[in-house]
Amino acid sequence: MPIISDFEDATELLETYDFLLKFIIIGEAGTGKSCLLHHFTQNTFKEHSQHTIGVEFSSRTVNIGEKRVKLQLWDTAGQERFRSVTRSYYRGAAGAILVYDITDRATFTNLSRWLADARALASPHLVTILVGNKSDREEEREVEWSEASRWAAENDLHFLETSSLYGDNVEAPFLLAARSILLSIESGVLDPEKAGSGVSYGDRALRRFSNASRISFGSLSMASSRKGTMKVRLKGMFGGGGKCC
Ligand SMILES: Nc1nc2c(ncn2[C@@H]2O[C@H](COP(=O)(O)OP(=O)(O)OP(=O)(O)O)[C@@H](O)[C@H]2O)c(=O)[nH]1
Ligand SMILES: [Mg+2]
């Protein structure tokens with residue numbers, strides 16, 4: 001059996017990418033942050049998930065239009081006793097995935113605090129995606145989609161619901177955030193060379209720099225690079241399927 005079965009896996013091993021983006025996954029304990037991330041990176045539900053102790057790191061490289069983007073993913077503990085440790089990882093994050101549990105209202109009412117912390121400590125151009133997880137438990141729902149959508153709009157956030165259990169929408173928050181960050185770079189709002197931007201150039205982008213004075217983005221449609229996973233193409237910003245404001 002071949003170890004490297006296709007070109008995409010081969011490029012993954014070579015770790016060539018245009019941009020490296022730092023993401024944090026934050027929110028109350030038990031909302032499903034680790035399960036969401038696990039599904040995104042491993043394409044399976046994480047059985048018997050335990051509370052995260054401090055912070056856990058993982059990564060995944062995705063294609064956004066013509067760009068290869070490596071996401072550096074910091075999964076933080078939601079438990080209060082780890083707050084001082086986890087907050088130290090917010091520094092310089094370009095993207096935040098803010099998770100609550102649709103079946104637990106307390107995890108929604110506390111969101112303002114999480115958002116305030118992230119905005120105070122991460123990159124000034126932080127892109128935040130609000131995620132209502134456990135959408136498979138509809139009969140136990142305590143937070144209506146419309147209410148969360150309104151709160152997201154008031155706070156200038158993108159919003160969608162996910163099920164880490166069934167894999168519904170698990171890629172969309174990460175791809176949405178990455179796309180939004182790339183658009184900020186393209187428009188000149190975000191400078192990858194600036195310290196604390198949460199973004200840095202990868203070797204592919206640097207090679208292109210030596211060939212051309214300007215990086216061209218082309219069309220920023222998205223496609224997952226992982227073999228065997230669905231392709232996500234968002235019409236405009238939010239056309240990727242599932243509920244999204
Ligand atoms: N039904 C359902 N259960 C989920 C889903 N996602 C996570 N869970 C369950 O929720 C519980 C908590 O999941 P975790 O991913 O460990 O939660 P966390 O947010 O990482 O918690 P901390 O690490 O303590 O902050 C586990 O029992 C999971 O099995 C989901 O989409 N649907
Ligand atoms: Mg966790």
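**Leu98 and its surroundings**

Hi everyone, let's start with Leu98: leaving out residues up to four places away in sequence, it touches Ile26, Gly27, Leu111, Trp114, Leu115, Thr128, Ile129, Leu130 and Val131. In contact here is defined as C-beta atoms, placed from the backbone, lying within 7 Å. This is a predicted model, where local features need pLDDT of at least 70, side-chain atom pairs count only at pLDDT 80 or more, and totals for chains, interfaces and linings use all residues. Residues are numbered from 1 along each chain as its sequence is written, while chains are lettered from A and ligands numbered from 1 in the order in which they are written.

Leu98 sits in strand 4 (residues 95-101); helices (H or I, at least four residues) and strands (E, at least two) are DSSP runs numbered from the N terminus. Its C-alpha atom is separated by 5.0 Å from that of Ile26, 72 residues apart along the chain.

Is Leu98 buried or exposed? It counts as buried because it has 23 C-beta neighbours inside 10 Å; the cut-offs are 20 or more other C-beta atoms within 10 Å for buried, 12 or fewer for exposed, and partly exposed in between.

Now the core. The largest nonpolar core has 55 residues, and Leu21, Phe23, Leu98, Ala178 and Ile181 touch the most other members. Helix 7 (residues 172-186) gives the most to this core, 9 residues. Such a core is a set of buried Ala, Val, Leu, Ile, Met, Phe, Trp, Tyr and Cys residues joined through C-beta atoms within 7 Å. Beyond its neighbours within four places in sequence, Ala178 is in contact with Leu21, Val62, Ile64, Val69, Leu71 and Gly95.

Definitions and conventions: Two residues are in contact if their C-beta atoms, placed from the backbone, lie within 7 Å.
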